[in-house]
Amino acid sequence: MNCTKCKTKAVIDLPRHNAAFCTPCFTTYVHEQTAYAIKHQRMFGPEDRILVAVSGGKDSLALWDILLKLGYKADALYVDLGIPGYSAKSREKVERFTERVARPHGATLQIHTVQEEEGAGIKELSNLVHRPTCATCGTIKRYQFNKAAVEQEYDVMATGHNLDDEAARLLGNVLHWQEEYLDKQSPILPASVEGFAKKVKPLYRLAERELAAYAVLNKIDYIVEECPMAKGSMMLLYKEALNRLETESPGTKHRFYFGFLDKQALRQGSGQAGATAPQSMAEKDRASLHPCSTCGQPTTGAICSYCKMMARSRLSSSSARRPS
Ligand code: Q46
Ligand code: ZN
């Protein structure tokens, strides 16, 4: 198998593109796909400051690596969830990547420790508020990433969601006809109201397998294990189902997700197939959001879900301490 571009020995084949690449041509392909996504979706420009959400996994570290190599100003934020046997390891991967790759580019890493800031690790916290661990985690991460981006005046917040993540999420939203989520599923979410950071997913054109190959070929040391809390999640089941379809019919995930983006763009009237129309989403947000009475972040209720959750956690821990 030879590289489609330079005809030397290929190291990876991409059946969905009917192509194969050697290491340098594959690295160029990944950089070009990301650069195209950034430009096509108008995610950010060369002068913008980007805050990357990193977890220690291949996607977020690959994203940080690619953005720095494309010449963007990208810092990162890591949220230490305090999961025994997992968080310490993933944090170490992020810190090593920062020293080896990011710092020489002048980029910095911030760490938010849930145990210190929210008063308990993610498992204990979810028990206190009687919510599933992943729902608690999602609320904290969304809140803290947004807060850091807004307070430190980053122009945009970037996450490492890839094509497999987006296709699996789309499948879940379609299976449950979550119309509101379908409207908002996009590689770009605008800073629709004051207090909301603009959010982008520059890797949405790249498959999970391609990002794993990019990380290995570019010597990015990442945590291979999934977060133990993900075990049994519907997301993993949707990914498995889509992988099965992809094996039988290469390009299924791409057609499914990109077909959705094209139809969404036409429906929302951006006039540009494949590019989403953030404007109509922004208008809806402006009509329904206002500042949380406790912290000031935008919310649809009087108090945001993070503040509600933290109030509940304080109440549960103080009643647990009270003598009966
Ligand atoms: S990190 Fe958090 Fe995921 Fe772990 S606890 Fe669940 S949501 S599975 S992206
Ligand atoms: Zn709040």
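**Close-up views of the model**

**Figure 1. Lys7 is exposed, since its relative accessibility is 56% and the cut-off for that class is over 50%.** The structure shown in this and every later view is a predicted model. Lys7 belongs to the segment that precedes strand β1 (12-14). Its backbone deserves attention, as the phi angle of Lys7 is positive, near 70 degrees, in a residue other than glycine. Most residues other than glycine have a negative phi.

**Figure 2. Glu153 is a residue with a positive phi in the loop between α6 and β6.** The phi angle of Glu153 is about 55 degrees, although this residue is not a glycine. Glu153 counts as exposed, with a relative accessibility of 63%.

**Figure 3. Six strands make up an open sheet.** Their order across the sheet is β5-β4-β3-β6-β8-β7, and the pairing is mixed. β5 (109-113) and β7 (188-189) stand at the edges; each has a single partner strand, so one side of each is left without a neighbour in the sheet. Strand β3 (residues 49-54) pairs with strand β6 (residues 156-158) in the parallel sense, over three bridges. In this pairing, Ile50 is placed opposite Val156 of β6. Helix α6 (residues 133-151) packs on the sheet and touches β3, β4 (73-80), β5, β6 and β8 (199-200). The direction of helix α6 makes about 145 degrees with that of β4.

**Figure 4. Strands β3 and β4 run parallel and are joined by six bridges.** Val54 has Tyr78, in β4, as its bridge partner. Strand β4 is mostly covered, with seven of its eight residues buried.

**Figure 5. Ser87 is a buried residue of helix α3 (residues 87-102).** The relative accessible area of Ser87 is 4%, and under 20% a residue counts as buried. The side chain of Ser87 reaches the backbone nitrogen of Ile83 at 2.8 Å. When neighbours within four places in sequence are left aside, Ser87 is in contact with Tyr78, Asp80, Leu81 and Gly82. Tyr78, one of these residues, is also the bridge partner of Val54.

**Figure 6. Four cysteine side chains coordinate the zinc ion (ligand 2).** The donor atoms are the SG atoms of Cys292, Cys295, Cys304 and Cys307, at 2.2 to 2.4 Å. The angles among the four donor atoms are 104 to 114 degrees, and the site is tetrahedral. Along the chain, the donor residues follow the spacing C-x2-C-x8-C-x2-C. Cys292 lies in the loop between β9 (290-291) and β10 (298-299), whereas Cys304 lies in the loop between β10 and α13 (305-321), so the pair ties together parts that are 12 residues apart in sequence. Both Cys292 and Cys304 are buried.

**Figure 7. Lys141 is a partly exposed residue of helix α6.** The relative accessibility of Lys141 is 32%. Lys141 and Tyr306 are 165 residues apart along the chain, and their C-alpha atoms are separated by 9.8 Å.

**Figure 8. Glu248 is an exposed residue of helix α10 (residues 234-248).** The relative accessible area of Glu248 is 60%. From C-alpha to C-alpha, Glu248 and Ser55 are 32 Å apart in space, and they are 193 residues apart in sequence.

Key. Residues are numbered from 1 along each chain as its sequence is written. Chains are lettered from A and ligands numbered from 1 in the order in which they are written. This is a predicted model: local features need pLDDT of at least 70, side-chain atom pairs count only at pLDDT 80 or more; totals for chains, interfaces and linings use all residues. Side-chain values use heavy atoms; hydrogens and water are left out. Two strands pair if DSSP finds at least two bridges between them. Helices (H or I, at least four residues) and strands (E, at least two) are DSSP runs, numbered from the N terminus. Contact means heavy atoms within 4.5 Å. Axes are lines fitted to C-alpha atoms, for helices over the stretch in contact, and angles run from 0 to 180 degrees between N-to-C directions. Donors are N, O and S atoms within 2.8 Å of the metal (3.2 Å for Na, K and Ca); water is not among the atoms, so sites may look incomplete. Four donors count as tetrahedral if all angles lie between 85 and 135 degrees; four count as square planar and six as octahedral if opposite donors are over 155 degrees apart and all others between 65 and 115; anything else is irregular. Buried means under 20% relative accessible area, exposed over 50%, partly exposed in between (1.4 Å probe, protein chains only). A polar contact is a pair of N or O atoms within 3.5 Å; within protein, one must be able to donate a hydrogen and the other to accept it, and residues adjacent in sequence count only if both atoms are side-chain atoms.
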